[in-house]
Amino acid sequence: EDFLNLIFKAMMKDSLNSSHPVSSAVQSSEQIEEMFDALSYIKGASLLLMLKHYLTNDVFQAGIEVYLHNHNYGSAQSDDLWDSMNEITNGTLDVKKLMKTWILHKGFPLVTVVRKGKIISVQQEKFLYRMEPENWTSDASYLWHIPLTYITSSCNFTHCTNAYLLDQKSGM
């Protein structure tokens with residue numbers, strides 16, 4: 001419950017146009033300090049949980065093991081973790097491409113799901129809680145690669161989960 005409360009607080013901060021990406025280039029020590037705030041840590045943890053759920057526990061764990069083995073006693077960059085995950089997925093999913101849409105964009109998407117009979121359509125757009133005129137920038141080009149999981153009446157959540165990657169503004 002505590003982690004969930006932290007996630008909602010981070011999402012509130014991240015839903016403001018004055019938010020910042022989890023990862024970005026810095027030019028000064030002040031910018032470095034600004035990057036290591038609750039938003040970066042909590043959003044980063046949430047993104048890793050999202051990735052773990054999408055890849056499955058075993059695949060995610062194997063990716064972490066490859067990452068730790070490849071970089072033990074050394075330094076690493078964020079791309080190194082995604083590259084390790086890509087090794088495990090054998091090119092079936094570009095984890096780096098997926099995760100960069102999350103760590104390099106500020107904010108998060110609002111996904112709208114519409115059902116018409118047996119047809120389900122989904123659409124994404126940047127969610128903004130409150131527009132701040134002094135910090136406003138157009139984020140119309142933001143596009144996240146959103147892992148969506150769902151169940152149908154023929155299975156339940158613990159036995160079979162279907163996955164869909166929304167990597168366009170809308171899809172079916």
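Which exposed residues does the face of α4 turned away from its buried side carry? They are Asp58, Leu68 and His69. Keep in mind that this is a predicted model. Here's a quick tour of helix α4, which covers residues 57–71, and of what it packs against.

**The helix itself**
- Helix α4 is 15 residues long, and it reaches 21 Å from its first C-alpha to its last.
- That reach is close to the 21 Å you'd expect at 1.5 Å a residue.
- Just after α4 comes Tyr73, which takes a positive phi of about 60°.

**The buried side**
- Phe60, Gly63 and Val66 are the buried residues to look for in α4.
- Look down the axis of α4 and its buried residues fall within an arc of 120°, so they line one face of the helix.
- These buried residues pack against two helices, α3 and α5, with α5 running over residues 78–89.

**Where α3 meets α4**
- Helix α3 (residues 38–55) packs with α4 at an angle of about 120°, and their axes are 6 Å apart.
- Angles from 65 to 115 degrees count as roughly perpendicular and those over 145 as roughly antiparallel, so α3 is called oblique to α4.
- On the α3 side, the residues in this meeting are Leu48, Leu51, Lys52 and Leu55.
- On the α4 side, they are Asn57, Val59 and Phe60.
- Sorted by class, the contact of α3 with α4 has 5 nonpolar residues, 1 polar and 1 charged.

Note on methods: Residues numbered from 1 in each chain as written. Predicted model: local features only at pLDDT ≥ 70, side-chain atom pairs only at ≥ 80, totals over all residues. Heavy atoms only, no water. Axes fitted to C-alpha atoms, helices over the stretch in contact; angles between N-to-C directions. Helix = DSSP H or I, 4+ residues; strand = E, 2+ residues; numbered from the N terminus. Parallel < 35°, antiparallel > 145°, perpendicular 65-115°, else oblique. Contact = heavy atoms within 4.5 Å. Nonpolar A, V, L, I, M, F, W, Y, C, P; charged D, E, K, R; others polar. Expected span 1.5 Å × (residues − 1). Buried < 20%, exposed > 50% of the residue type's maximum accessible area, 1.4 Å probe, protein only. Arc of directions from axis to C-beta.
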